[in-house]
Amino acid sequence: MRARVEIDLGALRANVRALRARTDGAAYMAVVKADAYGHGMVRCAEAALQAGAGWVGVATPYEALELRAAGITPERARVMCWLWTPGGPWREGIEADLDMSVSDPWALAEVTEAARATGRTARIQLKADTGLGRNGCQPADWADLVDRARHAEREGLVTVTGLWSHFACADEPGHPSIAAQLARFDEMSARAYAGGLRPEVRHMANSPAVLTLPEARFDLVRPGIAMYGLSPAPELGTPADHGLRPVMTLAAPLALVKHVPGGHGVSYGHHYVTPGPTTLGLVPLGYGDGVPRHASGAGPVLVDGKWRTVAGRIAMDQFVVDLGGETPPEGTEAVLFGPGDRGEPGAEDWARAAGTIGYEIVTRIGGRVPRVYVDGEPHGNAGPGADAAGPRD
C-alpha cells in the first residue's frame, strides 16, 4: 500500500468498556458521525455495539440511514441523528425507526407531515440550546416547542423519546458556563414535564463530561472522541490517564531516500534549506490525504526508530523529512501517529504542530488512504484476521 490507516477494533471495544464503567448505569450512545471521526462508521459502530453500546449517534440523517442499510437494525440499536435541514428525509427516517432531533417548529411541522404520509409515529427528541448557541431551541421559545410537540403526541404523530443539549466548555473544568448550562437544562426539562412530555432519556454528556462531570450523565451519555482513544483536551490528561488507547495509526513506506548537498532547498517555496550534506526521505502522504499543511516544518514522524520533522512544505501528495545523513532503505515505515507503542508521535502531537485539535487530525484523513482493520494484533502486523477496506466499509 502507498499508505494505510490501521484501525484497532479491539482497542475501540476496550475504550467503550472503560467509558461505560464511568457512566453510573446510564445508557451508552456510540457517536460515529463523520465516518466515525475518520475511523470507519459501520465497522466502529459494530465494535461499539459488541462492547455494550445500546445507541448509535450521528449528525446527519443520511449517515443514520446508511447505518440502517448496513444491518444495524432497530432490534440491535437505537440510532439518533440531529443535524436536519428543511426538506430532509423525514419520511425515510420514520420508516427506519430513527430517533430524530427537533429544535424548531419548522422541523416539527415537517416531521409531523411525514408521519401523516407514512401512517406511522415518528420518534423525536427535543434539543434545548442551554448556552452553546448552535443548534437547539432557545429558552424563550422552548414552551411553544414543547406545547406543539405535546399536541403532536396527542394526535399520535410523534413520540418524544428524549430531551437533550450539548456543552460549550465541558473540556474546561470549572468553567462557569458548565453549571449554568446544567441549571438551564434542568429548568427546560421541568417545563417539558410540566407540559405533559414523558421522555425516555435526558442527555448532555459528551466525552469530557463523561470523564469529569458525573452530574451530567443523566440517562444516556454520548462519548465521541474518547471512544477512539484520544483525550478531549490535553488539560484533562492523556488517553492513558483515562484508561484509553488510541485506535488509529497512520503510516506509509518511504518512497525515496536520497543524498543532497548543503544549501539544498526542499519543497515549495524553499522554506527549508538543508544546513549541510544530508539525506532526505520522501513520505507519500500529503494534504490531499488529510495531512494538515499547517504542520509544514513541524509535523513529527517516526522513521527507523527516530523522530524526524517535516522538512519544508507539505504538498498535496507527499512531504519530505530530513534523515540527518542516515540511509534507511526505501520501504522503511514512516509512522505519523499511533498509540505510542513504538515511540511514535500521537495525533495530539500533530494537533500541536498544526495549531488545531486531535479531533481534526484523525477526522480529516481521507478516503484515498485505505483503512486496515485489526483486532488487537501487534501494530505493523495485520494478522490473519485483518482486512482492508475503504472508510465507508
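## Helix packing and pockets in a predicted model

Helix α1 (residues 9–20) packs on α3 at an angle of about 45 degrees, with the two axes 8 Å apart. That makes α1 oblique to α3. The structure is a predicted model: local features need pLDDT of at least 70, side-chain atom pairs count only at pLDDT 80 or more, and totals for chains, interfaces and linings use all residues. Residues are numbered from 1 along each chain as its sequence is written, and side-chain values use heavy atoms, without hydrogens and water.

Some terms first. Helices (H or I, at least four residues) are DSSP runs numbered from the N terminus. Axes are lines fitted to C-alpha atoms, for helices over the stretch in contact, and angles run from 0 to 180 degrees between N-to-C directions. Angles under 35 degrees count as roughly parallel, over 145 as roughly antiparallel, 65 to 115 as roughly perpendicular and the rest as oblique.

**Helix contacts**

L9, L12, R13 and V16 of α1 meet R43, C44, A47, A48 and Q50 of α3 (heavy atoms within 4.5 Å). By class, this contact of α1 with α3 has six nonpolar, one polar and two charged residues. Ala, Val, Leu, Ile, Met, Phe, Trp, Tyr, Cys and Pro count as nonpolar, Asp, Glu, Lys and Arg as charged, and the others, Gly among them, as polar.

α3 (residues 41–50) also meets α4 (residues 61–69). Their axes come within 10 Å and cross at roughly 65 degrees. α3 and α4 are therefore roughly perpendicular to each other. On the α3 side are M41, V42 and A45; on the α4 side are E63, E66 and L67. This contact of α3 with α4 has four nonpolar, no polar and two charged residues.

**Pockets**

A pocket is an open set of points on a 1 Å grid over the protein atoms alone, where a 1.4 Å probe fits, with protein on both sides within 12 Å along at least five of seven lines; lining residues have an atom within 4 Å of a point. Its volume is the space filled by probe spheres set on the points.

| Pocket | Volume | Lining residues |
|---|---|---|
| Largest | About 720 Å³ | 32 residues |

K33, R134, H166, N206 and Y359 lie nearest the centre of the largest pocket. Its lining divides into 18 nonpolar, eight polar and six charged residues. In the second largest pocket, α10 gives the most to the lining, with four residues.

Definitions and conventions: Helices (H or I, at least four residues) and strands (E, at least two) are DSSP runs, numbered from the N terminus.
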